[in-house]
Every structure is written in structure tokens, then in C-alpha cells.
Amino acid sequence: MSDPMAVGILRRDGRTDPFFDGAAEDRLVIKRCAPCDRWFAPDQVACDGCDDEEMSWAEATGEAALVTWTVTHGRPAEDGSAPPPAHLALVELAEGPWLHARLDGVRPASLREGLALRAVFVHPEEGESYLLFRPA
């Protein structure tokens with residue numbers, strides 16, 4: 001039986017190739033508008049400041065702070081066993097953009113707004129590498 005809380009197989013769509021190339025190399029790559037000196041999430045289409053649609057990709061530090069989170073619980077299996085809960089979060093990167101991401105290696109009692117986090121990457125056998133955040 002597959003893990004009902006698994007992330008699944010991620011496939012790139014051409015618009016986010018630099019993000020996934022960076023993830024494969026354990027680097028967090030996001031969009032940046034050089035004229036405005038502003039950073040954006042990988043799926044940002046245009047700069048909010050100048051409407052530039054030709055933003056570049058740049059390596060972020062991977063440092064972030066927890067903004068908010070929720071815990072999701074998977075459906076129990078037929079044998080009654082339950083998968084471990086998943087911690088889903090909104091994090092603010094040191095560069096400014098907010099990202100939705102899964103948390104890893106967290107103790108629920110330690111979660112608090114502003115908790116320092118660090119980007120880590122998972123490299124599954126199939127599909128693209130993906131981003132998680134762990135306590136710094």
C-alpha cells in the first residue's frame with residue numbers, strides 16, 4: 001500500500017525548470033526582479049513592482065521563518081494503522097517571498113510563529129526533487 005501522506009511524483013512543466021534543476025543540486029532557486037531588487041516565489045509570473053515578465057532565477061539562502069502551519073492526518077489503513085501526520089506550512093524566505101511547503105523533523109510542541117527553518121531537498125527515485133523545511 002502506498003503512503004497516503006506521500007508527496008507523490010512531481011513532474012516539471014517547463015515554467016519551473018530552474019527551480020527543479022536547483023532542487024536536484026540541493027539549491028533553492030527562486031525568481032528575482034533585478035531592476036526592483038525584489039524576490040518572488042518560483043511560480044510568480046511578473047514582478048509586482050514593475051510588471052517585468054522577464055524575471056531572472058537566482059539562488060536563495062534557504063533560510064526561512066515559519067509564518068503558520070497546519071497538521072493533516074491521513075486516512076487509517078484497513079488494518080487500523082494510521083500514517084504519521086504531515087505538517088504543512090507557510091514560510092517566509094529570508095529574501096522575502098512566502099512559500100507553501102511541508103515541514104520535516106519537527107516536534108509539534110516546538111512549532112511557533114517565527115521558528116527558524118532551513119530548506120532541505122528530497123531526491124525520490126522517480127520524479128523531481130522537492131523542497132522541505134526543517135528547524136534550523
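1. Helices and strands are DSSP runs, numbered from the N terminus. With that naming, strand β6 gives the most to the lining of the largest pocket, namely five residues. The model discussed in this note is predicted.

2. Overall layout. The chain has one helix and eight strands. The C-alpha trace spans about 55 × 35 × 25 Å along its principal axes. Of the 136 residues in the chain, 36% are buried. Taking contacts in the chain between residues at least 6 apart in sequence, 53% join residues at least 24 apart.

3. The largest pocket. Rolling a probe the size of a water molecule over the atoms shows where empty space is left. The largest pocket holds about 390 Å³ of space. Its lining consists of 16 residues, and those nearest the centre are Phe-19, His-100, Ala-101, Arg-102 and Leu-131. Two or more lining residues come from each of α1 (17-24), β6 (98-103) and β8 (130-135). By type, the lining divides into 13 nonpolar residues, one polar residue and two charged residues.

4. The nonpolar core. In soluble globular proteins, nonpolar side chains tend to be buried together. Here the largest nonpolar core has 23 residues. Those with the most contacts inside this core are Leu-28, Leu-66, Val-91, Leu-103, Leu-117, Leu-131 and Phe-133. At least two core residues are supplied by each of α1, β4 (63-72), β5 (86-93), β6, β7 (116-122) and β8.

5. Leu-131. Which residues does Leu-131 touch, not counting residues up to four places away in sequence? They are Phe-19, Leu-28, Leu-99, Ala-119, Val-120 and Phe-121.

6. The cysteines. A disulfide is a covalent bond between the sulfur atoms of two cysteines. How many disulfides does the structure hold? The number is zero. Cys-47 is in no disulfide, and the nearest cysteine sulfur, in Cys-33, is 3.6 Å away. For Cys-50, the closest cysteine sulfur is that of Cys-36, at 3.6 Å, which is too far for a bond, because a disulfide needs the two sulfur atoms within 2.5 Å. Cys-47 has a relative accessible area of 1% and is buried, whereas Cys-50, at 36% relative accessibility, is partly exposed.

7. His-87. This histidine is found in strand β5. Is His-87 buried or exposed? His-87 counts as buried because its relative accessibility is 8%, and the cut-off for buried is under 20%. Leaving aside neighbours within four places in sequence, His-87 is in contact with Thr-70, Val-71, Ala-101, Arg-102, Leu-103, Val-106, Pro-108 and Leu-111.

8. Ser-81. This serine lies in the loop between β4 and β5. Ser-81 counts as partly exposed, with 38% relative accessibility. Ser-81 and Ile-30 are 51 residues apart along the chain, and their C-alpha atoms are separated by 38 Å.

Conventions: Residues are numbered from 1 along each chain as its sequence is written. This is a predicted model: local features need pLDDT of at least 70, side-chain atom pairs count only at pLDDT 80 or more; totals for chains, interfaces and linings use all residues. Side-chain values use heavy atoms; hydrogens and water are left out. On a 1 Å grid over the protein atoms alone, a cavity is a set of points where a 1.4 Å probe fits but cannot get out, and a pocket is an open set with protein on both sides within 12 Å along at least five of seven lines; lining residues have an atom within 4 Å of a point. Grid points are joined across faces, edges and corners, and a volume is the space filled by probe spheres set on the points. Helices (H or I, at least four residues) and strands (E, at least two) are DSSP runs, numbered from the N terminus. Ala, Val, Leu, Ile, Met, Phe, Trp, Tyr, Cys and Pro count as nonpolar, Asp, Glu, Lys and Arg as charged, and the others, Gly among them, as polar. A nonpolar core is a set of buried Ala, Val, Leu, Ile, Met, Phe, Trp, Tyr and Cys residues joined through side-chain atoms within 4.5 Å. Buried means under 20% relative accessible area, exposed over 50%, partly exposed in between (1.4 Å probe, protein chains only). Contact means heavy atoms within 4.5 Å.
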